[in-house]
Amino acid sequence: MSSVLILVCIVLLAGCSIPPNPGNLFSGKKVVGVDFEQVGPEDKIVIKFSHVVAENTPKGLAANKFKRLAESKTNGRVEVQIFPNAQLYDDDAAIAALQQNQVQMIAPATSKMTYLIPEWQVFDLPYAFRDEEAVKQAMEGELGLKLFSLLEPHGLIGLTMWDNGFKQLTTKKRPIHKLNDIQGLSFRIMDSNILKKQFELFGATPVVTRFSDVYSFLEQDMTDGQENTLSNIYTKRFYEVQDYLTVSDHGYLGYAVITNQEFWNAIPDDIQILLEEAMKETTQWIRVNAKRINEEQLENLTRTQRLRVHYLTATDKAEWKKLLSPVYQQLTSEIGNEYMRFLPK
Ligand code: LMR
């Protein structure tokens, strides 16, 4: 009888994914009942990595790169399963699924962390970063570290931050050249108070929706426009349902790459080190390549001849920044100066 039970256990552990919802299976550093050091080298640690964007984007390509590196560095001891395009979970649902260990890695836009941890809104501030180098300093410096420390009480660990790029506006009714062109329009946004406030200051109406619904919202005229990076605009074909693109660079869209604390702490130290190496190399890759990918996708977008492209001048950007500056006071009064002081001057 007991040998049947053992056999059932071995079969269940083969290809060993951590059982969904670890609940009381985990205790501290090692997993009770699923001890990787006991199950033999042939058993795999499976990391389900869920994200919402297309594969041909900075995040999609980085996730695939991480998979290749993690699997080869660990000689196949780790298997990374990538689920792009919100195949498994969308937006907030992905964070909840990670907390329950239904998936083991996600990389939500920083704006999507803000409902859980309002301090992450610092990355939503308009015109906070003059270029990618300033973003990198913030992500890899004290600001990133402090924001990562806020994940711990939620059962999460921040592994790294990944780049996408600066956000641009697309619209259908009319082109956006000057500030008053935005007034009276509605825009899809990610769920963040600072993003809401930003569009209110523009005199527009913000509408929160999941990323996977944006195309149909635009198609059915449920919003007039949206803000996003060039790679997301291109790969999700928003150009089919929008007429104008304004390259405004008014905010940054980057990612928090996070894992489940109990899952991560249960991984043997030697494997953890290899996964960290794989993540570090992937981050180095995305730092160098995200901008190039967005630039290439702007060329692809232009080639479709579906969008009229307008570039804001430096003077326009200074005006937009001035109009939007009250969001800085709003966020300071919400979260204090402890995080704001790390923003580039
Ligand atoms: C969005 O919802 O617009 C973005 O967060 C999508 C993404 O992950 O880049």
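**View 1. Contacts of alanine 138 in the predicted model.** Apart from neighbours within four places in sequence, alanine 138 is in contact (heavy atoms within 4.5 Å) with Phe123, Phe129, Leu143 and Gly144. Alanine 138 belongs to helix 4, residues 132–140 (helices are DSSP runs of H or I, at least four residues, numbered from the N terminus). With a relative accessible area of 4%, alanine 138 is buried (under 20%, 1.4 Å probe, protein chains only). From C-alpha to C-alpha, alanine 138 and phenylalanine 123 are 8.9 Å apart in space and 15 residues apart in sequence. The model is predicted: local features need pLDDT of at least 70 and side-chain atom pairs 80 or more, while totals for chains, interfaces and linings use all residues. Residues are numbered from 1 along each chain as its sequence is written, and side-chain values use heavy atoms, without hydrogens and water.

**View 2. The largest cavity, with a volume of about 80 Å³.** A cavity is a set of points on a 1 Å grid over the protein atoms alone where a 1.4 Å probe fits but cannot get out; lining residues have an atom within 4 Å of a point. Grid points are joined across faces, edges and corners, and the volume is the space filled by probe spheres set on them. The lining includes Ser50, His51, Tyr89, Asp91 and Ile106.

**View 3. The second largest cavity, with about 60 Å³ of space.** Among its lining residues are Arg188, Met190, Phe211, Asn228 and Tyr255. Domain 1 (4–112 + 132–163 + 255–289) and domain 2 (168–252 + 293–342) both contribute to this lining, so the cavity lies between them; the bounds come from an automatic or database domain assignment.

Terms used
On a 1 Å grid over the protein atoms alone, a cavity is a set of points where a 1.4 Å probe fits but cannot get out, and a pocket is an open set with protein on both sides within 12 Å along at least five of seven lines; lining residues have an atom within 4 Å of a point. Helices (H or I, at least four residues) and strands (E, at least two) are DSSP runs, numbered from the N terminus. Buried means under 20% relative accessible area, exposed over 50%, partly exposed in between (1.4 Å probe, protein chains only).
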